Amino acid sequence: MVSIIIINYNTKLLTLDCLKSIYQHTKDIDFEVIVVDNASSDGSAEAIRESFPIVKVIEPNENLGFGRANNLGAKYAKGEYLFLLNSDTLLIENSIKKLYDFYIENEEKLHIGVLGCTLVDKDLDLIHSGGDFPTIWRYIFDNPLRVLNKIFKTNKSTFKKFSYNDTLTKVDMVTGADMFLSKKKFDKVGGFDERFFLYYEETDMEYKLMKLGYSHYITNITKIIHLEGGSMSYSNWKRKIVQNSQTLYFKLNHSKFFLLYALYEFLITPIRFLQLKYSFKDNLDFVRSNIKNIFLIKIV
C-alpha cells in the first residue's frame, strides 16, 4: 500500500483539486490518502471530509509546519511506501502507480532513497524537479552571480543544469513537492527534523539518507503539474523562514565551514537594506532575525 500524505494550510480549493486528480487518475494500486490540516481557518477540513469522506483528515490544534505535519501523517500511515505530495499539485495520469512500480523494481539495484518525477507547470512546461545539495561555498559564490545576472541579463549559476530528459536522472535531492520513498527509510532517519518549520527539511532528510548510502532520482516516466507558489505567497515572513532554515541546515550539515558562512552574512548585512521590494522596517526585521539565528544573540 502507498500512503499519500498532503499538508494543507488554508489551501482548500488547491487541496480539493489535488484530491480530485488523485482519485480520478490513480488505478490498480492499493492506496490511502492522509491530509494533515495545519489549523486552517478557511474551512478546509470540513470541505475535505464532505467531498472526500474516504480521506483521513488529521487536525492538530496548531500550524505544525511542513516537516512536523508530515511526521504526524506518517504516524497514521498504513502503507509500506509514502508519497509526500504538495497541495498545489495535480495528477494528470496514473503517476502513483508508475512511481510505485519503478521504485519496487529498482529499489535495491539503485539503492533508491527518494524518487520524484518530472514536474511541469500548468502549460506542461518543465520546471524545477530536483538538483544539488546546497553548500556554504556555493551559497557564497552564487550570490554575486545573481547580481551579475540582473545587470547583464545572464543566467549564470554554480548549480548544475538538469534537463531530466533521460528516463532516470540521479540528483542530490528531489524537490519536496513530490517525494516517493519507503516508510522504513523515512523512519530510519527519524522522518523530518522538526527543528525546521518550513523549507530545507526535505533537503536535510535526503542528505541524511545520502550519508546512509542511498541515492535520489528523478524519473520522466510520468509528470505531475506543480502550481509553484500556489500554496505560499511571497512575503518578508517567508524570506525570514527560508533564511533561518538555510542557516539551520548549514549548522547541522556543514558545521566545518559555518564560521565562514557567519562571517559572510555579517559582511553583506548592509546590502540587505538595499532590497527595495521590502520596506526599511521589513529589512531591519530580516537582519535581526538572521543575526539571532546565526550568532544566537537575543535581540529585543
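1. Start with Asp28, which sits in the loop between helix H1 (12-25) and strand E2 (31-37). Helices here are DSSP runs of H or I with at least four residues, strands are runs of E with at least two, and both are numbered from the N terminus. Asp28 is not a glycine, yet its phi is positive, at about 60 degrees. Most residues other than glycine have a negative phi. Asp28 is also exposed, with a relative accessible area of 69%; exposed means over 50%, buried under 20%, and partly exposed in between, using a 1.4 Å probe and protein chains only.

2. Before going on, a word on the source: this is a predicted model, in which local features need pLDDT of at least 70 and side-chain atom pairs count only at pLDDT 80 or more, while totals for chains, interfaces and linings use all residues. Residues are numbered from 1 along each chain as its sequence is written, and side-chain values use heavy atoms, with hydrogens and water left out.

3. Tyr200 is another one to look at for its backbone. Its phi is positive too, near 75 degrees, in a residue other than glycine. You'll find Tyr200 in the loop between helix H6 (183-188) and helix H7 (201-211). Tyr200 counts as buried, at 15% relative accessibility.

4. On to the strands, with E6 (residues 112-120) to begin. Nine of its nine residues are buried, so E6 is largely enclosed by the rest of the structure. E6 runs parallel to strand E11 (residues 215-226), and seven bridges join them; strands are said to pair if DSSP finds at least two bridges between them. Within that pairing, Val120 stands opposite Ile225 of E11.

5. E11 has other partners as well. Strand E5 (residues 89-91) pairs with E11 in the antiparallel sense over three bridges, and there Leu90 faces Ile225. Strand E8 (residues 168-171) is also antiparallel to E11, over four bridges, with Leu168 opposite Thr219. Nine of the 12 residues of E11 are buried, so this strand is largely enclosed by the rest of the structure.

6. The largest nonpolar core has 61 residues, and Ile4 and Ile22 have the most contacts inside it. A nonpolar core here is a set of buried Ala, Val, Leu, Ile, Met, Phe, Trp, Tyr and Cys residues joined through side-chain atoms within 4.5 Å. If you set aside neighbours within four places in sequence, the contacts of Ile4 include Ile22, Phe31, Val33, Phe83 and Ile96; contact means heavy atoms within 4.5 Å. There is also a second, separate core of 17 residues, with Tyr139, Met173, Phe196 and Tyr249 among them.

7. Ser3, in strand E1 (residues 2-8), is buried at a relative accessible area of 0%. Not counting residues up to four places away in sequence, Ser3 touches Glu32, Ala77, Lys78, Gly79, Tyr81, Leu82 and Phe83. Ser21 lies in helix H1 and is buried at 5%. With the sequence neighbours up to four places away left out, Ser21 touches Leu90 and Leu91. Ser21 and Thr89 are 68 residues apart in sequence and 8.9 Å apart in space, C-alpha to C-alpha.

8. Lys185, in helix H6, counts as buried at 6% relative accessibility. Leaving aside neighbours within four places in sequence, Lys185 is in contact with Tyr103, Glu107, Ile112, Gly113, Leu209 and Tyr214.

9. Last, the second largest pocket, with a volume of about 220 Å³. Pockets are found on a 1 Å grid over the protein atoms alone: a pocket is an open set of points with protein on both sides within 12 Å along at least five of seven lines, a cavity is a set where a 1.4 Å probe fits but cannot get out, and lining residues have an atom within 4 Å of a point. Grid points are joined across faces, edges and corners, and the volume is the space filled by probe spheres set on the points. Helix H8 (236-253) and helix H11 (280-295) are the elements that give two or more residues to the lining, and H8 gives the most, with six. Among the lining residues are Arg195, Phe196, Lys251 and Lys292.
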